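Dear colleague,

Please find the structure below, together with its sequence. My notes on what was found in it follow directly after.

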Amino acid sequence: LLQIRASYVSDIQKCPKCIETHYVKKAGKQNKYIKDAPIRGKTVTVKLVWDNYYCSRCDTKFSIDVPELLENGKLTRRMILYIIKQSIKKNFSIVSRENGISENTVREIFTTFVEDNQHFLSNAPPRVMGIDDVYVSRVARCIITDIERKKVIEILPKKDLPTINGFFYQMKDRGSVEVVTMDMHRPFYSSVRETFREAKIVID
């Protein structure tokens with residue numbers, strides 16, 4: 001475990017209530033512990049310290065927004081990007097366990113990423129393909145990823161056997177897929193055994 005202390009330095013702020021700066025002074029500090037992306041395989045926690053302010057004109061206390069914090073104040077943006085990259089390669093439960101973050105949080109982060117970036121889906125056939133489930137708009141769907149290129153190939157509307165088989169049978173160059181990683185969800189396993197008979201199956 002690595003713990004890093006970081007201070008966010010800012011100029012005197014305008015009071016959000018009366019929009020004055022002349023009457024605003026620093027009034028102590030606050031801090032929060034947030035998770036950052038691992039360094040050389042070690043978990044990183046950042047103790048982030050920043051200033052509070054007080055406006056004597058309107059008797060208002062306030063603090064600044066810290067750009068590196070997300071809305072939930074628990075993860076840095078760098079950590080969010082790390083989770084997204086790991087989620088393309090690994091099962092959500094593995095990413096959760098390796099980083100000490102709940103599986104629901106990992107799933108939510110990746111789902112948001114998928115919803116915002118569906119136009120970047122890859123059409124190239126993968127050599128190492130990943131299959132997992134993901135909730136998009138609260139609906140369980142099947143996500144197909146290219147593990148080596150770290151790209152999303154497709155997000156299927158369902159994760160049942162007919163839907164998955166229908167996609168795989170239409171996939172061009174299925175013979176290019178040498179390895180498939182997935183969990184033991186029965187439709188995943190049955191479909192891969194049927195449509196990628198020469199591929200090696202890796203259960204994660």
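Helices (H or I, at least four residues) and strands (E, at least two) are DSSP runs, numbered from the N terminus. Helix α4 is where Gly 166 is placed. The model is a predicted one, in which local features need pLDDT of at least 70 and side-chain atom pairs count only at pLDDT 80 or more, whereas totals for chains, interfaces and linings use all residues. Residues are numbered from 1 along each chain as its sequence is written, and side-chain values use heavy atoms, with hydrogens and water left out.

Gly 166 counts as partly exposed because its relative accessible area is 28%; buried means under 20%, exposed over 50%, and partly exposed in between (1.4 Å probe, protein chains only). Helix α4 spans residues 161–170, and its buried residues are Thr 163, Ile 164, Asn 165, Phe 167 and Phe 168. The cover over these buried residues includes β5 (128–136), β6, β7 (151–156) and α5 (186–195).

Strand β8 (residues 179–182) is covered on both faces. Val 179 and Thr 181 are buried on one side, and Val 180 and Met 182 are buried on the other. Strands count as paired if DSSP finds at least two bridges between them. β5 and β8 run parallel and are joined by three bridges, with Val 128 opposite Val 179 of β8. Four bridges pair β8 with strand β9 (residues 200–203), again in the parallel sense, and here Thr 181 stands opposite Val 202 of β9. Together, β8, α5 and β9 form a right-handed β-α-β unit; right-handed means that, with the strands pointing away from the viewer, the path from the first strand over the helix to the second runs clockwise.

Two buried positions

Asp 146 lies in strand β6 (residues 139–146) and counts as buried because its relative accessibility is 1%. Its side chain makes a polar contact of 2.6 Å with the side chain of Arg 149. A polar contact is a pair of N or O atoms within 3.5 Å; within protein, one must be able to donate a hydrogen and the other to accept it, and residues adjacent in sequence count only if both atoms are side-chain atoms. Beyond four places in sequence, the contacts (heavy atoms within 4.5 Å) of Asp 146 include Ile 88, Val 128 and Ile 153.

Cys 55 is in strand β3 (residues 42–55) and counts as buried because its relative accessibility is 0%.

Nonpolar cores

A nonpolar core is a set of buried Ala, Val, Leu, Ile, Met, Phe, Trp, Tyr and Cys residues joined through side-chain atoms within 4.5 Å. The largest has 19 residues, and Leu 75, Ile 83, Phe 110 and Ile 143 have the most contacts inside it. Two or more residues of this core come from each of α1 (77–89), α2 (92–99), α3 (103–116), β5 and β7, and α1 gives the largest share, five residues. A second, separate core of 17 residues includes Met 129, Ile 153, Phe 167 and Val 192.

With kind regards
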